[in-house]
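Please read it with the structure open beside you.

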Amino acid sequence: MLCQLAHHFPPFVESFLERSRPLRRRFREESVTDLLMGSLITAGGRRIIVEFPDEPVTGADMEWNFVNPDDGTFFRILLQAKQCYGGGSIWTRHGYKELLHQSGSGRKLQASVLCDTARAATATYPLYIFYNPASTCEAARGAGFTAVTGASLADGYLIEGLVVDATTRALRTCNRSLKAIAPLLFPLTDLFCPQVVLATGPQAFAPGAPAFPLAVGIAGGRPVLGVPVPPTPAAIRQRIIAAREALTKTGIKETAAAPGVPAIAERIPDDVSAAIERAQARARSQPGLRRWRITFISANPVDSYSGPGFIRRRQQ
């Protein structure tokens, strides 16, 4: 259940990174991303497909594809992960030392690679996911920045603006600091909560019915008991828009100049459809993936029981 994961994973990351501080070799963001992928595998059943990259490249650490086979819609998020470093009680001095990383032979800023990839693609939006240890989170939250958690999200275009503007030594230090990033963060729950469910019929409780997890969530605009499913592409897009609007209300003026959230696509890309088919056939992942690829399979709300792993296809 994704909403439950969104609540429980950030505190786990806070503790995990905090415990690694005394170690001679600290865990990097790749370790936390691996843990996130494992959590998604266990949380989603057959409705979340996780594919491992053969040789990850810079530009994006994860690709989250949201699909709805019922109506053929699609929306993609590209995510870049960064970890916070720093010690002491002055949390504003903590920061993301790799945020200004350059990649490729042309030494292009990684943030620009991420955002340019999103700009050139259909129904795609860039986000950052920032991993923070407990001591950093507690100090920042004590100063009023409640969105600083073990795993917090930020708009990729806003982060790109900070990175591109870091043209002097002072700005390079300032723009990658938690002081600059904290006002831009929003929690993972903004993306995955409230939990979406497929309402169950009474036959789901009949003797001999297959066992599957149930959750209280939203279906048709009302709270119901049903089978948890990932949010639809349209819901994910709307939640990103809502997160941007919330930032604007706090005084973040840069959101007005950032590219808009693109419309959902009315067709699921062939490579994503193929990934779903391989998963249903229990075949191996596509070779040559450049990053973690996660496919979230949603469905239109229905009143009859369809089972936790049932995936319908849109009629052609």
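1. Proline 194 lies in the loop that runs between helix 8 (189–192) and strand 9 (196–199), where helices (H or I, at least four residues) and strands (E, at least two) are DSSP runs numbered from the N terminus. The peptide bond that joins cysteine 193 to proline 194 is cis, with an omega of about 0°.

2. Please keep in mind that this is a predicted model, in which local features need pLDDT of at least 70 and side-chain atom pairs count only at pLDDT 80 or more, while totals for chains, interfaces and linings use all residues. Residues are numbered from 1 along each chain as its sequence is written, and side-chain values use heavy atoms, with hydrogens and water left out.

3. Alanine 123 sits in the loop between helix 3 and strand 6 (124–131), and although alanine 123 is not a glycine, its phi is positive, at about 50°. Alanine 123 counts as buried because its relative accessibility is 4%, buried meaning under 20% relative accessible area with a 1.4 Å probe and protein chains only.

4. Proline 133 belongs to the loop between strand 6 and helix 4 (134–142), and with a relative accessible area of 1% proline 133 is buried. Leaving aside neighbours within four places in sequence, proline 133 is in contact with Glu14, Leu17, Glu18, Arg21 and Cys84, contact meaning heavy atoms within 4.5 Å. The C-alpha atoms of proline 133 and alanine 151 are separated by 9.2 Å, and these two residues are 18 residues apart along the chain.

5. How do helix 3 and helix 5 cross? The axes of helix 3 (residues 110–120) and helix 5 (residues 156–165) come within 9 Å and cross at roughly 140°, the axes being lines fitted to C-alpha atoms over the stretch in contact, with angles from 0 to 180 degrees between N-to-C directions. That makes helix 3 oblique to helix 5, since angles under 35 degrees count as roughly parallel, over 145 as roughly antiparallel, 65 to 115 as roughly perpendicular and the rest as oblique.

6. Where these helices meet, Ala111, Ser112, Cys115, Asp116, Ala118 and Arg119 in helix 3 touch Gly156, Tyr157, Glu160, Val163 and Val164 in helix 5.

7. The largest nonpolar core has 80 residues, of which Leu40, Met62, Trp64, Ile77, Tyr131 and Ile294 touch the most other members; such a core is a set of buried Ala, Val, Leu, Ile, Met, Phe, Trp, Tyr and Cys residues joined through side-chain atoms within 4.5 Å. Helix 1 (residues 2–20) supplies the largest share of this core, 7 residues.

Terms used: Buried < 20%, exposed > 50% of the residue type's maximum accessible area, 1.4 Å probe, protein only.
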